[in-house]
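Let's take a walk through this one, a few helices at a time. Have the structure open and follow along.

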Amino acid sequence: DSAKYSALKIKIEDMIEENKNSPRSDLTDLIQELAYWFRPGWYGDIGAWTAVDLEWETAESSWLQHSPWGLRRMLNWVHLRFPNSGGIWITENGWSDTADKTDPQRYMNIYQSFNEILKAIELDGVEVHGTCIWSLMDNFEWTAGYNDSFGMYHVEFGEENPETWPKTSVPRIADLIADPSFEDPMKILDETFTFGYFPENFGWGGYSNAYETEKRGSSEGTGNTLWDVHQVHVIENSEIELTNQWSPPTLAADTLNHIREDIQIIKDLKLKSYTFSVSWSRLFPNDDATLSSFELDKYVELAEGLSNAGIEPVIVLYNWDMPQRFFENGGNGWDGDVLSSILPAFRDYTDAVVKATRHVVKKFIPFQNVGREVFDGFTNANFPPKSASSENSALRVFNVISNIYFGHNIAH
């Protein structure tokens, strides 16, 4: 509670003062880290904190470390925890890299991650149906803006017609997908590797998120989301750097206006499936009753084009892009009165998407990125919807998760 935290904070401040001249400079950092994790609210209530091995390679994104063995462990945990799930589909797996052309670290990360998936399948008996590489092209990466580059294709942002080109990892990834085998021990001299073949029906996929890749703004007729009105609030010791160049995406990769080109890129990568999310605020830009058939037709064109090219289209219905209108007039999105506002509107939106695309789309994912939206958006003021301080965040977290479960049930 607040009283205990105040006492802890005083003790921590005393410890910092006592050790400020210590040769162990990392000690002060550790003390401050503990104070951050055990603050009142959701994280303090958990009573635990996370740590990163400093020997792990760090990507362009400061929060992302290279530990492919952890993927195998996670797959095993999910398999044991949910034995009757029907199998596992990895929706995101990628690496951020500053290079706009030469990106060997990305390929190495993907290559090693694929081998850990193979271990889970062949050695552990885990039923893994497929994996999606994040992401097809560079995009708007939430509060990192355009700084973090996860794409296999580089995008020159800021241009009316953004130029794209493949990074060096593209042909190597395409070759690996075309022949998904680990058979030659001379390719990588690492005794921890498992040599074998992926199942013939294994789903090799890519993924792109609507808000991070689509052109937005008045010229597109898109309605605002919680991200369009968000202002990054930089605080000391925050994971968001002061140099962050955050701004809402207006051009991004402009995917919906380059559908044919993108499908050709997906074919060149030899991908068997492609997952993309649909923007709720694009289909219903002004209210919950007026559907934009023009915008819906773009998603139908993308789904049909993928299907005609022999690529399975998979649609994500919602990915952290709640229309801003649900935060107005006292609303607070998933933490608000969902029964009378959000859920009926989400049902209509879902119904419109499914009816328009189900002739070619057989797999729909109701929600993606739930963890980030819940645990960042409702416990950390740096992320939308900026639900104030961490106090009472545990209550918000449980309320939001409960309401999202309702939405998930409606989608099904």
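## Helices and their neighbours

Start with two helices that pack against each other: α11 (residues 338–357) and α13 (residues 393–411) meet at an angle of about 30 degrees, their axes 10 Å apart. With the cut-off for roughly parallel set at under 35 degrees, that angle makes α11 roughly parallel to α13. Keep in mind that this is a predicted model. The crossing of α11 past α13 is right-handed.

Who makes the contact? On the α11 side look for V338, L343, F346, R347 and T350, and on the α13 side for N403, F406, G407, I410 and A411. Sorted by type, the residues of this contact come out as 6 nonpolar, 3 polar and 1 charged.

Now step back along the chain to α10 (residues 293–308). Its 16 residues reach 22 Å from first C-alpha to last, close to the 22 Å expected at 1.5 Å a residue. After α10 comes G310, with a positive phi near 80 degrees.

Last stop is N109, which sits in helix α5 (residues 104–122). Is N109 buried or exposed? Its relative accessibility is 6%, so N109 counts as buried. Leaving out residues up to four places away in sequence, N109 touches H66, G94 and W95. As for N93, 16 residues from N109 along the chain, the two C-alpha atoms are separated by 9.3 Å.

Terms used:
Residues are numbered from 1 along each chain as its sequence is written. This is a predicted model: local features need pLDDT of at least 70, side-chain atom pairs count only at pLDDT 80 or more; totals for chains, interfaces and linings use all residues. Side-chain values use heavy atoms; hydrogens and water are left out. Axes are lines fitted to C-alpha atoms, for helices over the stretch in contact, and angles run from 0 to 180 degrees between N-to-C directions. Helices (H or I, at least four residues) and strands (E, at least two) are DSSP runs, numbered from the N terminus. Angles under 35 degrees count as roughly parallel, over 145 as roughly antiparallel, 65 to 115 as roughly perpendicular and the rest as oblique. A crossing is left-handed if the near helix is turned anticlockwise from the far one by less than a right angle, and right-handed if clockwise. Contact means heavy atoms within 4.5 Å. Ala, Val, Leu, Ile, Met, Phe, Trp, Tyr, Cys and Pro count as nonpolar, Asp, Glu, Lys and Arg as charged, and the others, Gly among them, as polar. The expected span of a helix is 1.5 Å times one less than its number of residues. Buried means under 20% relative accessible area, exposed over 50%, partly exposed in between (1.4 Å probe, protein chains only).
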